[in-house]
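Work through the exercises below with the sequence and the model open. Each task is followed by a solution in steps.

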Amino acid sequence: MTTAEPGTRRLPLNFFGIAFGTAGLAGTWTTAGQLLDAPVAVGEALWAVAGLAWGFITIEYLRRPGGLRAVARDLHHPVLGPFAALVPAVGSLLSAHLFQWYPVASTIAVWTMLVLSATHGAWFVSSVLSQPRDTTAIHGGYLLPTVAATLVASQSLATIGQRDVAIGLLAVGIMFWMLLASLLVVRYSTGPAVPPALFPTVAIFAAPPAVAGNAWWAISEGRYSIVDTVFAALMIALLVPHLFLLPVYTRTPFVIGFWATTFTVAASATYAIRLLTTATGGPSDPRSRGWRCWSPPSSSEA
């Protein structure tokens, strides 16, 4: 599905799902490097690919005809508009990952992405409340501007040491998750059927517990608590039904929306690695909070 008009060269907003999914995979591999001794270089390579994809898609999107008016039309698009939230969300993940090397620049970038996410999220909520739309336009991507973007920002802020703000954002993300999840259950259960081009966005419905769990992991600096038990149970409860949806996924032609599935799987795998490593007595170093890589301690720290 695309926002392109005949005769124009325009990337649809859901192309940013490519960078989002790749960043999710990078986070999973980085976590595996921290806790399971997987090769760190692979994770760094994936972060580089995610950054290049994010930059390339952003440039190509802004280059297409129409200028600011075209951007405004895209933001108002009832189906693809919510995917605009992926621009600051990916930027937030990339910025937080760079904190270990460039703390000042990373901090500025994370806060900048938070402002962009909050602005877009507030505008999106206002549009939902004031502009009724056809039921067929509603899909799992509606979780992106409020739930995903807020929880990702929470994790990033915790990674740069802004724990109190991160806790507040976690609460906001959970609130919107509860509200929008109810809306999506009604939409999916009452129909009409989700079009094949949008069906992969159903996977986003299962992402919030893992994304919230990863944010809490960054906030708590990897110290297991009852909160992790709650998020783990919710993650399993929402992932298991998707096992029965696998035949539907396999019959669905490949579309860009499948990158939404990538991030859901990656975020869930990241949180599962953290939980299982803790349960089996694996390493739980405070420096491994978030999705960033850490270096061995120097001789002065040893």
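pLDDT is the predictor's confidence in each residue, on a scale from 0 to 100. Contact means heavy atoms within 4.5 Å. The structure shown is a predicted model.

**Exercise 1. Decide which stretches of the model should not be read in detail.**

Step 1. Look at the start of the chain. Residues 1-8 stay under 50 in pLDDT, and the model gives them 19 contacts beyond four places in sequence.

Step 2. Residues 284-302 are also below 50, with 53 contacts in the model beyond near neighbours in sequence.

Step 3. Apply the rule: where pLDDT is low, predicted coordinates should not be read in detail.

**Exercise 2. Describe the overall fold from its secondary structure and contacts.**

Step 1. Count the elements: the protein has 11 helices and zero strands.

Step 2. Turn to the contacts between residues at least 6 apart in sequence; 78% of these join residues at least 24 apart.

Step 3. The protein exposes about 13,500 Å², of which carbon and sulfur atoms supply 73%.

**Exercise 3. Is helix α6 largely enclosed or open, and why?**

Step 1. Helix α6 covers residues 144-159.

Step 2. The cut-off for buried is under 20% relative accessible area.

Step 3. In α6, 16 of the 16 residues are buried, so the helix is largely enclosed by the rest of the structure.

Step 4. Just after α6, Gly 161 takes a positive phi of about 95 degrees.

**Exercise 4. Classify Thr 22 as buried or exposed, and list what it touches.**

Step 1. Locate Thr 22: it lies in helix α1, residues 16-36.

Step 2. The relative accessible area of Thr 22 is 7%, so this residue is buried.

Step 3. Leaving out residues up to four places away in sequence, Thr 22 touches Leu 46, Val 49, Ala 50 and Trp 259.

**Exercise 5. Which residues form the nonpolar patch on the surface, and which helix gives the largest share?**

Step 1. The patch is formed by Ile 236, Val 240, Leu 243, Phe 244 and Leu 246, which together have about 530 Å² of accessible area.

Step 2. Helix α9, residues 226-243, supplies the largest share, three residues.

Step 3. Leu 246 belongs to helix α10, residues 246-251. Its relative accessibility is 45%, so Leu 246 counts as partly exposed.

Methods. Residues are numbered from 1 along each chain as its sequence is written. This is a predicted model: local features need pLDDT of at least 70, side-chain atom pairs count only at pLDDT 80 or more; totals for chains, interfaces and linings use all residues. Side-chain values use heavy atoms; hydrogens and water are left out. Buried means under 20% relative accessible area, exposed over 50%, partly exposed in between (1.4 Å probe, protein chains only). Helices (H or I, at least four residues) and strands (E, at least two) are DSSP runs, numbered from the N terminus. Patches are made of residues with over 30% relative accessible area and no salt bridge: like charges are joined within 9 Å, nonpolar side chains (Val, Leu, Ile, Met, Phe, Trp, Tyr) within 5 Å. Accessible areas come from the Shrake-Rupley method with a 1.4 Å probe; for residues, only the protein chains shown count as cover. A salt bridge is a side-chain nitrogen of Lys or Arg within 4 Å of a carboxyl oxygen of Asp or Glu.
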